[in-house]
Amino acid sequence: MLTLSRWKVTAVILSVIFGIVFSLPNMLPQKTLDALPGWVPHQKLNLGLDLQGGSYLLYEVDTDALRAERLTNMVEDVRTTLRNDQIEFGELGEAGGIVRVRITDPGKVDQAVSLLRRSIGGPLAGAIGGRDTSVANKGDGRLELSFVPEAAKADAVKAVDQSIETIRRRIDALGTKEPTITKQGSNRIVIQAAGESDPARLQAVIGQTAKLTFQMVDETVSQEDMIAGRIPPGVVVIPGTQPGAPPIPVAKRALVTGEDLVTANQEFDSQSGQAVVAFRFGGSGARKFGDATTRNVGKRFAIVLDGKYISDPRINQPLPGGSGVITGNFTPESAAELALLLRSGALPAKLNLEEQRTVGAELGADAVRAGAISLAIGAAAMFVFIILAYGLFGIFAALALVVNVLLIIGIMSMTQATLTFPGIAGLILTLAVAVDANVLIYERMRDEAAAGRSPMSAADTGFRRAMVSIMDANITSLISAAIMFGFGSGPIKGFAWTLSIGVFTSVFTAIIITQVLIGWWFKTARPKKLPIA
Amino acid sequence: MAWPLIRLIPRQTHFRFVKWAPVAAAISALLIAGSCVSFFTQGLNLGIDFKGGVAMEARMPTPISGDALRTVARGTGAHDVQVQDNFGSPNAAMIRFLPTAGGDAIAEANRVKAEIISKFPGMTMPAPSVIGAKVSGELLMGGFKALGIALLLMLGYIWFRFQWQFGVGAVVAVFHDIILTLGLLSVLQIEFSMTSIAALLTVIGYSMNEKVITFDRLKENLRKYKTTPLRDIIDLSENERLSRTIITGSTALLALGGTMVFGGPVLFPLVFTMTFGILIGTYSSVYIALPLILVWGVKRGDEEATPIKLGAGTRP
């Protein structure tokens, strides 16, 4: 094993060059780095949020609210569908996730069932021809409609994907430093913003659903009816966004929704000088808006944002162009924010903030400094100890360790793996285990020399016999790293990455590099005795 | 010549490790009992990762008085306030508290933050970290699940590489290490956070590494000396790898020692746990894993070796 084969020497030289070239950007001042030509690697270690400071936000899609909303819509859809086909019905309502309706004309039950099966709900994602709603005939004209079990999950997944798109559009429009937005599990979204120690601005644009609807005000319902709770079916009472605004009754079904908006901008009203949000519908939205305003001239409609009305203007004339303005008590900033939210589209469901972590840049900088100092001291103590213990062979082990550190930093910079705070501890442990590989080899050599082998043969057998233990030890390390990677959250994943990269580089440096160094020493010094025997 | 120092370690030692196994077993049993008592009476000092809650960092251009900050923070009406001053620097402190159940934790955190800042001119605080009860519960479950699966996989690997007696011995020893480590964290009330799980996994990793190295040597000697009694082979293997254990252990402790002193308050719990783990992992290889194998006996050659009873009268 100690023969200096060409591939081993090449591998050692290449790895040293690789380690130096790829870890160098971390050691140069930024100015020098910028001045270097483009083909030189420029990537530095990718520090985790805990080291460079930043915000971590975990949102959960409110799937219960999503389901409740879909059920409400289902009730309204059943009402409209049956009315349009002139099928008489009663007892329409929703309870416990099931929509129930009773068809009063026994002769039309079958017709109603097939009609509802055709028109309620939508196609189920992932199942060809499948629908997300089921209609059951319970006899006596009673029908029960519900979502199939798969629909809830499909809805959540769709809602998360849509939310991520929407959040990205909103954040892009904010123009801050690019945060990363990732999906976690089936119904969660993680937003990580490096260097952002005040996530309030992010939360302001993410926390709002921004669902805009235009709903007709039901002027037949009087103030007294509302107080007494005499609300006709299909009508709902909603509060206003302004403090002190009276609640108003509006039709549950929206005339037009924000989905059809093509643009929204903050503008100033030409007469009052007030900040307003100007919007324009496109295509079918413009037609629907035009039709609705034509049909309802003289009536009032409410502009509703997330279940609260902003204003309830009277339609003075038809608006066929599909554009209009929203007035409210806006400041230029709040109008601009609403315009931004409307432009980037509504979230499909409310997002609840479940976790928020912030690390100030200064604490991060303290951490980096403390980590670097302790790493340097730990490494120095190890070098001194190992050289004291094993002499020349200790120097070889220390050299291998230096290459090991360069390789780990180089690979982590190149792959942009995240270095977290626990990752620094992982790095220290990796170095300790790397030394263990050398210790195992050297102790084996001493045993073999004591058993009467010649120095060359003892060294060679030492390497060969220690291999088994080194492999066993490193495989168990890899197992724990794999588990940490699979289960852990951010910082633990960083630890696992550092550990796994370290396992590979340690085996390489402790075995190949020391082998070449010792082989070269045998060739040049022709020793009669091992320095450690 | 004294250098290299390795020559100072005697070439051959003849410690009777096995002889002390009953004493060690008694000590371990006591420590485990103690750990369990502490674990079940005062429990672990769960950090906000696992308990849910609010943590926020405070900074001033001048040193912060921990007592003054504590009084103000308690005065805001927040529950279970903990203030850690001198957090990495005398000008920094960490404030933790539990939000009111069922309330808006983030709003409460912002209110407490504003109230504290108003009392300390010049103080800055980045946005508070808030972890909901739902997420923290899942994190804790996930953490322990990871520990369990790691143990099972390692048991599987050792079983595959050696024999089942070795696998069981190793896993019992590692369990011993985990219980004592958790016990120590509980007795000293050191904060148990997500990184503690990483530390525990490292403890398991290092301890397993020790067991594997020990077993490798034992397996080799079992093949070499087919007729020597098992207990003598265990003593022999231990003595043979003693210098390696001392050097590797010292190196690891030296490397961690620097971090323990200079690593700052965030790294300290992690490094402390790892340091203890290295000591306990080394101890349990010699005094838990090997004696267990001795009790169960091992397969040597073709026939099953008879288990040797511990205690007087069985000395060969």
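How many residues of domain 1 of chain B are in contact with residues of domain 2 of chain B? The legends below answer this and describe the other views.

This is a predicted model, in which local features need pLDDT of at least 70, side-chain atom pairs count only at pLDDT 80 or more, and totals for chains, interfaces and linings use all residues. Residues are numbered from 1 along each chain as its sequence is written, while chains are lettered from A and ligands numbered from 1 in the order in which they are written.

**View 1. The two domains of chain B.** Domain 1 comprises 12–45 + 134–304 and domain 2 comprises 53–131; these bounds come from an automatic or database domain assignment. Their C-alpha centres lie 39 Å apart.

**View 2. Contact between the domains of chain B.** In answer to the opening question, 4 residues of domain 1 of chain B are in contact with 4 residues of domain 2 of chain B (C-beta atoms, placed from the backbone, within 7 Å). On the domain 1 side, α5 and α10 of chain B each supply at least two residues (helices are DSSP runs of H or I, at least four residues, and strands of E, at least two, numbered from the N terminus).

**View 3. The side of chain B that touches chain A.** The contact takes 65 residues from chain B and 66 residues from chain A. The largest share of the chain B side, 14 residues, comes from α9(B).

View 4. Strand β18 (residues 351–359) of chain A and β5(B) run antiparallel and are joined by 2 bridges; pairing requires at least two DSSP bridges between strands. Here A:E355 stands opposite B:I131 in β5(B).

Technical notes: Contact = placed C-beta atoms within 7 Å.
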